[in-house]
Amino acid sequence: MSEWAYALDIGTRGVTGLLYSKSAQGIEIHAVETQEHRDRAMRDGQIHDVRSVSAVIQEVTRALENASGVSLKAVSVAAAGRSLQTVTANATIPLLVPCTEEDIHQLHMVAIESAKSKWGFEARANRKPSGLLHCVGYSVRDYTLDGERMASLVGQSGHEANVSLIATFLPRAVIESLDAALTHAGLMMRGLTLEPIAALYALVPSSMRNLNIALIDIGAGTSDIALTGDGSVRSFGMVPVAGDEITEALEQAYLLDFPVAERVKRSLDMDSIDVEDVLGQVRHLSCKKLLATLRPAVSDLAQKIADEIVRLNEKAPDALMLIGGGAKTPFLEKELSDKLGLPLDRIRVRDRVSIHQAKGCVETLFGPESVTPIGIALTAENSEITPVTVRFDGRSHRLFAMRLMTVGDALSECGLDLRRLRARTGNALVVEVNQEIRSIPGTTGTQGVVQKNGLPCLLDDTLDAGDTISVAVGEDGKDAIGTIASVLTVKPLSITVNGTVQRVSPRILKNDRVATLHSKLSDRDVIVTQWPTIGEWIESIIGRNVVERIAVVVDEKPLELQWQTMLIEPFFSWDEPIVEGLSFSLKGAATAPPTVIDALKAALYRAGECMTVLVNGIKREIPMIERILRNGAPCELKDTLEQGDVITTEGRLETGPTMSTMVLLLSETLRAGVHGRERLIMKINGEEAEFTSPIAQGDEVEVYYIPWN
């Protein structure tokens, strides 16, 4: 006799247990036991009273043990699909070397952590309880490498790898309540699957999943939906209405206690039924009338299911399969046909007859409600969710996964951010030094180490129950630090001054501020070295200026005047840069402070100059500037200037006098001899001239009057 196994379908209305063994075709069922809950200990697929549900599980287990003589210690169960949460998430990791399987696994884990965070944020935003979640599966949508979509990342090189995936989660409360109910019943969870997955496994094998099929499991509290297409399970959904809503419609219409209304619902294939309402009145009800009463509730149930299918699938599917006790609801197939616009022959209730992999106990396990418990048994040997216990950081964690558990899965479930295993290289310091880019690299850091049972392992290594994982998280590299000396080497220049060798260093500027070689660097600093001129260096040594400067104004024109306080031999310009090997001597004051004439010359005036001309045979000297004032008072050209002096000139000739100037100077003399009407004669060097004719140095000028006639 092959080894027998135990499977339980813990539903809202009751618990069904199967004893079975593996066979060549699938499974052989040897015994079946079903017990209903005595009260509403479960609602909408969630256990509300652990002890009450545990008591029913114990009764089912004892009945099967008595019938078979087999002691049952471990069992495979399923979690209700209503609790599933699906989240789309993305993740990106840097690539330093060609992408490996380990990198891809870590990328998946980071995306799942992102999905968990995203679900928690959305739950809080919508004021839903977020709770703790177990990832029970995920499906990759696509990979990208540096923004380009890739079929596979293995072996690819680039800067960043990205994944987009759909992660499926179960609240831990669902799994832990199942585990607690089994523990109270003296059973250990051998395998865990999801109710919609179990039903799909039984009715829609992988070969059929290219078809767009909707499987609807209509139970007592919820209607679970699973959709296939493109070769996989596309999505899960749930509407919180099912068989109980039909029962409640009878309860309200005829004032019936809920258990009585449930009995009436199960007797609708009869002609009539006698019931007692809550007032003690016995009613004789026609089932035809009862069906008419239920039609609006059935229509509402069908509408909600159809709306959820279209929301998930974005259109009506190719076909619908109905299972669960609620699938026998009258008119449901017709109502779904109308709501979805599907031909009636595309909607069918599926039952035990449709499951070819299960044999035995046909007389006790049949109808659409038999599909899920058989599916649980069929998937148990290849359970899509396997429970394992992992010790991490000295604590014991009970973990569940919708496939073989890996080290990465376990660490993620235990709350470790897997990005901490991949050390980040510290940021480099990049600076500009004399218009050249220099950089100081950050340290590379230490990569994290993961061990399984004391030996190094990879994130995609699989786990067995009781495995121990230890983790030394990676330590990020440190950001680069440095001083100006880290990027700049300065060699002083040697010069000879008055026979003594002197060492000259440049001035260092950091972001236009004076700095030293010990000044700390920040990213993007700009460093410039400036070698002093001869004058700047001497001033820094003697502590005073070698070139003094004052500001004056000449005829509203600002000017800067300077003079040397020292003499350099041989002569070098004070503004000349210092070079290696330069040699010179310094002596005392070199020039006198500036005077009024220095300011006028700086303004390009011909100060102190006169023009000599011969006028009517007489030698005359004409000054280029007639009058000079300093701060409003007459002054001499030799007067020494001070800071801020203001010089103004009067009667200044820009270049030289013109004939009109000469006529003006001689006007009184010329007029003295005029009698009657006379005409003015003007000549320069014997040639007729006009008032605008210029007069140059040494010219002979004739100016006189002659009678008009």
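Reader: Which residues have the most contacts inside the largest nonpolar core?

Author: A nonpolar core is a set of buried Ala, Val, Leu, Ile, Met, Phe, Trp, Tyr and Cys residues joined through side-chain atoms within 4.5 Å, where buried means under 20% relative accessible area, exposed over 50%, and partly exposed in between (1.4 Å probe, protein chains only). Here the largest such core has 59 residues, and those with the most contacts inside it are Tyr6, Leu8, Ile10, Ile29, Ile57, Leu182 and Ile374. Another core, of 39 residues, lies apart from it, with Leu294, Val298, Leu342 and Ile347 among them.

Author: Please keep in mind that this is a predicted model, in which local features need pLDDT of at least 70 and side-chain atom pairs count only at pLDDT 80 or more, whereas totals for chains, interfaces and linings use all residues. Residues are numbered from 1 along each chain as its sequence is written, and side-chain values use heavy atoms, with hydrogens and water left out.

Reader: What does Isoleucine 10 touch, not counting residues up to four places away in sequence?

Author: Contact means heavy atoms within 4.5 Å. By that reading, Isoleucine 10 touches Val15, Met42, Val53, Ile57, Val77, Leu178, Leu182 and Glu195. Across the protein chain, among contacts between residues at least 6 apart in sequence, 62% join residues at least 24 apart.

Reader: How much of the protein chain counts as buried?

Author: Of its 709 residues, 46% count as buried.

Reader: Is Valine 278 buried or exposed?

Author: Valine 278 is exposed, because its relative accessible area is 56%.
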